[in-house]
Amino acid sequence: MTLMTRRPIAISGTQPDGFEALLDLADGLNVPDGHKAEIVNGNVVVSPWPKGYCHRVMRLVCRQLEPYLPEGHVIDRSPTLYVFPGSGCAYGPDIHAAHERAFDTEGNRLDGEALSFVAELTSPSTRLDDLTDKVETYGQAGVPVYLILDMQEEQAIVYGSPSVKGYEIRFSKPFGEKIDIPLPFGCTLDTAGFQAPASPEK
């Protein structure tokens, strides 16, 4: 069993058996403030929440998509863990939209099949997972729309039309342009202002 932050750190003790045991292990971690724990490829991965300017970007996404939410769905950017037992993964997407019934639980593990939309803002430590493993998991689980905001390459990537083989459509636009968000939203997202602030001159 491995606890992964920016570098892998081994956890002492015996390896837990099964997905539920991994979830229990993640629940029991003393995660530092400003970090989240996910389960990726049989590992508990702890990564930091997005940088300050990313919260502005997340607000812009939520504000634009909220009028187009499917009936009964809500969009949020609070720390929430969605489980995907079929793939043995559990993710805490940066932005998530799901049916409000998914939140009618006392537990902290929500059903990934309730999702209508997820968005991840990449960081150097999580970018590879966002671009590979999560594409496969979200697509095979039937999440209708997966938006990747690649903060390193300054581009938006949209996946839609999920199937048992994964997503059938993919398209991208550089930050600053508008990009289509497929059904069940059927709208466009303006990515103006999604770039990182300019570094102060020294």
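Me: What does buried mean here?
Reply: Buried means under 20% relative accessible area, exposed over 50%, and partly exposed in between (1.4 Å probe, protein chains only). This is a predicted model: local features need pLDDT of at least 70, side-chain atom pairs count only at pLDDT 80 or more, and totals for chains, interfaces and linings use all residues. Residues are numbered from 1 along each chain as its sequence is written, and side-chain values use heavy atoms, with hydrogens and water left out.

Me: What makes helix α4 largely enclosed by the rest of the structure?
Reply: Six of the eight residues of α4 (residues 133-140) are buried, so the helix is largely enclosed. The buried ones are D133, K134, V135, T137, Y138 and G139. Helices are DSSP runs of H or I, at least four residues, and strands are runs of E, at least two, numbered from the N terminus. After α4 comes G142, with a positive phi near 85 degrees.

Me: Why is a set of residues called a nonpolar core?
Reply: The name applies because the members are buried Ala, Val, Leu, Ile, Met, Phe, Trp, Tyr and Cys residues joined through side-chain atoms within 4.5 Å. The largest such core has 27 residues, and V61, I95, F117, L147 and L149 touch the most other members. Helix α2 gives the most to this core, seven residues.

Me: Which residues does V61 contact, leaving aside its neighbours within four places in sequence?
Reply: V61 is in contact (heavy atoms within 4.5 Å) with I95, F117, L147, L149, L189 and F194. A second, separate core of 20 residues includes F84, A98, A102 and I157.
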